[in-house]
Amino acid sequence: MAANPMTQFEVYRIGPEIKVGAFDISFTNASLFMVVSSLAILIIFNLGSKKNSLLPSKIQLLAELSYTFVSKMISDTAGSKAKPYFSFIFSLFMFVLFCNMFGMIPYTFTVTSHIIVTFVLAAFIFIGVTIIGFIKHGLGYLKLFVPSGVPIVLLPLIVVIEIISYLSRPISLSVRLFANMMAGHTMMKVFGGFVISLGVVGGWLPLSFSVALTGLEILVAFLQAYVFAILTCIYLNDALNLHH
Amino acid sequence: MIKKIFFQLVFFNLFFLKGVFAAESGGMPQLNPEFWISQIFWLTLTFGILYVVLSKLILPKISANLELRKSQIQENIEAAEKQRESSEAKLKEYEDIISKSKLEANNIFKEARENVLKEINAKKETLDKQIDEEVKKVEQEINLLKKGASEKINKIAIETTSELLVKLIGTEVNNSSISAIVDDLSKRNGNKYYGN
């Protein structure tokens, strides 16, 4: 029943089964919330950029504040060279943020609570950043694994550690977001279940916990989107400004 | 710290619940690869469309809006600055004009006063001169009259004396001796008769 805190993460088909070759690309509840989040972003930012008044309306202010927020985040972490990647990081941040936030509405599905989604995003970032690094610096990008000022004796060990840490970037990036979202939602479900099982007499304590957790989870939803975007910026910074 | 406790709680719950519901469901739905391809496909599609629309249509507009606002505000500030400067210049000009005109008015007033004073002085002097002249003239006339009077009186006195002497004594006395006496008398007592 709904008491299982993991059922909220189940993916199910909406509509008919669509198959392309051997692959099942049916429209699911996860797809629905990806579409909903993207549409919400597009609608809000379209409204926010439609007309330019000297004194911005609320929605215009929202769009412009988001723009300057992300733009400042990128220029602070990755410098001016990262400007061409602004739209990608902006889309990424907004997509993750909106997916997280839509997940906070009861009875919705949290797209980012699925490891496959976050891993695809993280892997795309990882591969993209690596390609950018090799394009900008050629084989010199490998110097990233050889920190300067390290004693020659330690160098083999350090290089191995650096390579492992570099390769684990997509995993840590994806698991961080996925685990945070899953853990938060599971916990809220667990406390919700306690409210039901403890009833009118004892349910108030877990209910108040649930309320507090909702606030915390909204914070986490924003924070994880921010962390995801800022780590992307940091990886991009490594690829653009190679200094070790 | 709070977060750590939360996560421990969650972990505890996961273990606890997994045991309870193990039979009901197959663990974490996230690890079920049934819909992975579908999720990857839809993620690529939606995120791709989102990225393209944002980067091609919406973000340039927002950036243009921001730039436009920035330049507009800058322009407005510059215009305000210019107007302030011009108004300050005008104020200065105005003050200059006022002080200049005040000075001019002062000068005009002073000049007019001096002119009037000069005129008054000149008129006074001419008048004084006229008066002096007239007084002198009159004095001269008086003096002349005075002189003439004493001489005439002397003459009359001499003639009268000679007539009297002729009548009294019957002989003619020399006129010159009489006139000497009369002159002497008039010199000694003249002041008594025609005193000033």
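Mentor: The model is predicted, so local features need pLDDT of at least 70 and side-chain atom pairs count only at pLDDT 80 or more, while totals for chains, interfaces and linings use all residues. Residues are numbered from 1 along each chain as its sequence is written, and chains are lettered from A and ligands numbered from 1 in the order in which they are written.

Now follow the helix along. A kink of about 45 degrees in α2(B) is centred on Leu54(B); the bend at a residue is the angle between axes fitted to the seven residues ending there and the seven starting there. Just after α2(B), Gly170(B) has a positive phi of about 90 degrees.

Is α2(B) largely in the open or largely covered? The number buried is 13 of its 134 residues, so α2(B) lies largely in the open. Here a residue is buried if 20 or more other C-beta atoms lie within 10 Å of its own, exposed if 12 or fewer, and partly exposed in between, with C-beta atoms placed from the backbone. Helix α3(A), by contrast, is mostly covered, with 13 of its 18 residues buried.

Next, look at the partner chain. In all, 39 residues of chain B are in contact with 42 residues of chain A, contact being C-beta atoms, placed from the backbone, that lie within 7 Å. On the chain B side, the elements giving two or more residues are α1 (2-21) and α2 (36-169). Of these, α2(B) gives the most, with 25 residues. By class, that side of chain B has 27 nonpolar, nine polar and three charged residues. Ala, Val, Leu, Ile, Met, Phe, Trp, Tyr, Cys and Pro count as nonpolar, Asp, Glu, Lys and Arg as charged, and the others, Gly among them, as polar.

Finally, a word on chain A itself. Chain A has seven helices and two strands, running β-β-α-α-α-α-α-α-α from the N terminus on. Its C-alpha trace spans about 65 × 55 × 45 Å along the principal axes, and buried residues make up 37% of its 244 residues.

Notes: Helices (H or I, at least four residues) and strands (E, at least two) are DSSP runs, numbered from the N terminus. Two residues are in contact if their C-beta atoms, placed from the backbone, lie within 7 Å.
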